[in-house]
Amino acid sequence: KVRMRLERRPVSVERTKGSEILFGIAPCSLALSQSRRDLFRLFLKQSSGSRRLVTSEFVLQATARGVPVHHVPRRELDALCRGQVHQGVCLEASPLRFKSLEEAEKPHLGDEENPNQQLIWLVLEQIQDPMNLGALLRSAYFLGVDRVVTSQRNSCPLTPTVSKASSGVMEVFDVYSTDDLRGFLKAKTAEGWEVVGTVSNPEDVENVPVISCLEFQWNKPVIIVIGSEGDGLSLETQCLCHRMLAIPSGRALHPGIESLNVSVATGIILHSICSQKLRHGD
């Protein structure tokens with residue numbers, strides 16, 4: 001009874017300096033299973049019945065990593081993650097950082113075994129919405145993208161909201177960053193890569209050929225460049241693209257409804273390209 005009273009005592013939300021609060025089952029579970037963050041405290045909703053199994057799994061994971069566990073009322077979890085959907089789990093941990101481009105250039109295990117392997121990198125220019133960034137990472141991971149590179153300027157950092165929106169993919173999938181996106185694209189072009197941009201309205205593009213994503217033929221390593229939610233690709237970046245891809249609509253669109261959400265559009269484009277990789281692998 002004494003222990004139960006102690007566990008129910010409000011936990012001080014004073015955090016370890018520099019820490020952040022992850023929330024949600026997938027992000028917290030994957031963060032616990034990896035060795036990519038420093039882990040400070042696990043907060044679990046006081047529960048009974050069907051949630052007990054989930055809770056006991058988390059307690060086992062945390063105990064194995066030496067992470068203190070606190071069982072707290074729901075209102076404390078709500079306060080910890082500022083009202084986000086926490087599913088009864090919060091984890092205090094150090095932030096994840098972007099990796100450098102130098103690290104991106106190192107081959108992953110298996111990359112060097114087949115020099116002709118089809119490689120696909122996804123480059124994000126000024127994606128600012130954490131929900132979009134998380135959804136983009138989730139699709140890229142699922143569809144087999146080799147690297148994700150984001151521009152440093154005006155881009156969303158790797159926050160707990162991004163991890164939740166990615167369903168925890170951010171905890172296992174490296175994300176790289178560059179402060180010289182155009183220099184990076186020029187360097188990859190010189191190495192023989194094809195740089196392909198994306199556009200919602202083909203009439204907005206000058207001096208770069210635009211094709212349907214369904215017509216794209218993948219015959220060399222490729223970089224797919226995605227622009228910001230509001231403005232799309234900058235003109236300077238468009239000029240570095242060899243081709244631009246558009247998604248054909250299935251009907252005549254009502255005025256004012258001209259484009260897809262950036263993460264949905266990227267998923268469609270990646271699938272149309274990555275499915276070629278699967279076919280060629282047969």
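Let's start with the largest pocket, which has a volume of about 860 Å³. A pocket here is an open set of points on a 1 Å grid over the protein atoms alone, where a 1.4 Å probe fits and protein lies on both sides within 12 Å along at least five of seven lines; lining residues have an atom within 4 Å of a point. The volume is the space filled by probe spheres set on the points, with grid points joined across faces, edges and corners. Before going further, note that this is a predicted model, in which local features need pLDDT of at least 70 and side-chain atom pairs count only at pLDDT 80 or more, while totals for chains, interfaces and linings use all residues. Residues are numbered from 1 along each chain as its sequence is written, and side-chain values use heavy atoms, leaving out hydrogens and water.

Of the 32 residues lining the largest pocket, Val-199, Ser-200, Asn-201, Ser-259 and Leu-260 are the closest to its centre. By class, this lining has 13 nonpolar, 14 polar and 5 charged residues (nonpolar: Ala, Val, Leu, Ile, Met, Phe, Trp, Tyr, Cys and Pro; charged: Asp, Glu, Lys and Arg; polar: the others, Gly among them). Helix 10 gives the most to the lining, with 4 residues. Helices (H or I, at least four residues) and strands (E, at least two) are DSSP runs, numbered from the N terminus.

In the largest nonpolar core, Ile-120, Leu-122, Val-148 and Ile-224 touch the most other members among its 32 residues. Such a core is a set of buried Ala, Val, Leu, Ile, Met, Phe, Trp, Tyr and Cys residues joined through side-chain atoms within 4.5 Å; buried means under 20% relative accessible area, exposed over 50% and partly exposed in between, with a 1.4 Å probe and protein chains only. The largest share of this core, 5 residues, comes from helix 10.

Where does Thr-266 lie? Thr-266 belongs to helix 10 (residues 262–281) and counts as buried because its relative accessibility is 2%. Not counting residues up to four places away in sequence, Thr-266 touches Leu-122, Leu-136 and Ile-226, a contact being heavy atoms within 4.5 Å.

Finally, the cysteines. With a disulfide defined as a pair of cysteine sulfur atoms within 2.5 Å, the count comes to 0 disulfides. The sulfur of Cys-28 is too far for a bond because the closest cysteine sulfur, in Cys-90, is 6.3 Å away. Cys-28 is buried, at 0% relative accessibility, whereas Cys-239 is exposed, at 62%.
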